[in-house]
Amino acid sequence: MNMSFLDKWRKRPEASPAVEGDPEGAAQLLAECELLRAQAQTEGVELDDSVHSLEALDQLRPAWRDDPEVVTWLGNDAGFYLGTVLVRTVPGASWKVWPGGEPVVRLASGREVDVVTAGRDWAANGAPELCQLYAEAAEN
C-alpha cells in the first residue's frame, strides 16, 4: 500500500500538507482503527463505516474502562472511526491536520470537528455518544 503522505508527515510534523497531498492514503490509514474494530468484533458488531455502526458502538458494554491504557488507545480509534464515517458520508467533509499534528474533520461549512478528543471522551465516559456527535456534525 503506497502511503506517500507518511514520508512528508514524518519530515514536517508541524505542517499539514500530508493529508492534502494524499487524501486517500491518509483516509485509509485513519480508517484502520484496529483496536476498536477488534473490540467491536468481539461483541459481534461489524464496523462498516455507517451511521448505524456508530449507534452499535454506543451500545457496547464498556469493559475497556478498567484499563486506562486501553481507554486511551480505544478512544483514539473511536475518534478516527467517527471521523471516517463523517468523511465518507457527509458531503464536503474531509480530513485536516492541525499544526500540532492532530487530525480533525473539516466540514463543508468550514467548522472543524476534533474527533480524536470526542473519541477519547466517549471511551472514558460514554458521552457524548458517537451517533450524537455524528448527527450534530452532519447538520452543518
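A residue is called buried when its relative accessible area is under 20%, exposed when over 50%, and partly exposed in between (1.4 Å probe, protein chains only). The views below show a predicted model, in which local features need pLDDT of at least 70, side-chain atom pairs count only at pLDDT 80 or more, and totals for chains, interfaces and linings use all residues. Residues are numbered from 1 along each chain as its sequence is written, and side-chain values use heavy atoms, with hydrogens and water left out.

**View 1. The aromatic pair of W64 and W122.** The structure holds 1 aromatic pair. Rings of Phe, Tyr and Trp (its six-membered ring) pair if their centres lie within 6.5 Å; planes under 30 degrees apart count as stacked, over 60 as edge-to-face and the rest as tilted. W64 and W122 are tilted, at 5.4 Å centre to centre and with 35° between the planes. Distant parts of the chain are linked by this pair, 58 residues apart: W64 lies in the loop between helix 5 (51-58) and helix 6 (68-89), and W122 in helix 7 (residues 115-125). Helices (H or I, at least four residues) and strands (E, at least two) are DSSP runs, numbered from the N terminus. Both tryptophans, W64 and W122, are buried.

**View 2. The hairpin of strand 1 and strand 2.** Two strands pair if DSSP finds at least two bridges between them. Strand 1 (residues 94-97) and strand 2 (residues 103-106) run antiparallel and are joined by 4 bridges. Opposite V97 stands P103 in strand 2. The hairpin has 5 residues between its strands, and G101 in the turn has a positive phi of about 100°.

**View 3. The hairpin of strand 2 and strand 3.** Here 2 bridges join strand 2 to strand 3 (residues 112-113), and the two run antiparallel. V105 has V113 in strand 3 as its bridge partner. With 5 residues between the strands, this hairpin includes G110, which takes a positive phi near 100°.
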